[in-house]
Amino acid sequence: MSEYFSLSECDVIGFDLDHTLCRYNLKETSRLIYESFARYLVEHKGYDKDLLHLTPATWDFCFKGLVVDLEEGNLVKLAEDGTVLRATHGTKNLSTDDIIKHYGPKREWKHFNSLNTSYTRSAKYYFYDNYFDLPGALLCARVVDMLNKRGAEITSDLWKDIVAAIDHNYNTSAFRGM
């Protein structure tokens, strides 16, 4: 192996989602991903156009390690033992009393053991563990806010629509004409 590495000597250059060969501008990348997810929901699923409008403060909501609890419509941040550290319903922070109401006095999230065996998706939850689908957590929260504002019930259709947006975003056909 030579002392120096040159990309010009490579036949193929691959970029992985874990920042292997490049450094991402996460703020801009997240904004673009969110806009793509939201545009899909508005244009293909009939969601409210308000999903397309964000303020800079909105991004404070996003951080790795959020779990969407699809049974409760909440986003939760868990301790390493499965205790709910904090939670939101949509983008609204839940109080300690609200967390106890949803998860009991020990604040235990009942699906932790299945999540802990590396299942990141199920019919009951989704674990946002990477930067590329993290904007989906913000989108989920904003959709819950929108449904609550309308007085609509939060159903599994919400999650099916979010997954469809994620799948559409990372499908190679989404890049045609670029």
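The tour below goes from the sheet to the helices and then to the aromatic rings. Keep in mind that this is a predicted model.

**The sheet**

Start by colouring the strands. The sheet is open and has five strands in the order β4-β3-β2-β1-β5, with antiparallel pairing. Why is one side of β4 and of β5 left without a neighbour in the sheet? Both β4 (92-93) and β5 stand at the edges and have a single partner strand each, so one side of each has no neighbour there. Strands of a sheet pair through backbone hydrogen bonds, either parallel or antiparallel.

Next, select residues 66-69, which are strand β1, and residues 74-78, which are strand β2. These two run antiparallel and are joined by four bridges. For one example, select V68: its bridge partner in β2 is L75.

**Helix α2**

Now select residues 96-103. This is helix α2, which lies across β1, β2, β3 (84-89) and β4. Relative to β3, helix α2 runs at about 95°.

**F112**

Move on to F112, which is in helix α3 (residues 112-115). Is F112 buried or exposed? Its relative accessibility is 12%, and buried means under 20%, so F112 counts as buried. Show the residues around F112: leaving aside neighbours within four places in sequence, F112 is in contact with L78, A79, E80, D81 and G82. Then select Y125 as well; the C-alpha atoms of F112 and Y125 are separated by 10.0 Å, and the two residues are 13 apart along the chain.

**Aromatic rings**

How many aromatic pairs does a search of the whole structure find? It finds three. One of them is W109 with Y125, an edge-to-face pair with 5.2 Å centre to centre and 75° between the planes. This pair links distant parts of the chain, since W109 is in the loop between α2 and α3 while Y125 is in strand β5, 16 residues apart. Both W109 and Y125 are buried.

Then select Y126 and Y128. Their ring centres are 4.6 Å apart and their planes are at 65°, so this pair is edge-to-face. Y126 and Y128 are both buried.

**Helix α5**

Finish with residues 156-169, helix α5, which has 14 residues. From first C-alpha to last, helix α5 reaches 20 Å, close to the 20 Å expected. Its buried residues include L158, W159 and I162. Among the elements covering the buried residues of α5 are α1 (26-45), β5 (125-128) and α4 (135-150).

Conventions: Residues numbered from 1 in each chain as written. Predicted model: local features only at pLDDT ≥ 70, side-chain atom pairs only at ≥ 80, totals over all residues. Heavy atoms only, no water. Expected span 1.5 Å × (residues − 1). Buried < 20%, exposed > 50% of the residue type's maximum accessible area, 1.4 Å probe, protein only. Contact = heavy atoms within 4.5 Å. Pairing = 2+ DSSP bridges. Axes fitted to C-alpha atoms, helices over the stretch in contact; angles between N-to-C directions. Phe/Tyr/Trp six-rings, centres within 6.5 Å; stacked < 30°, edge-to-face > 60°.
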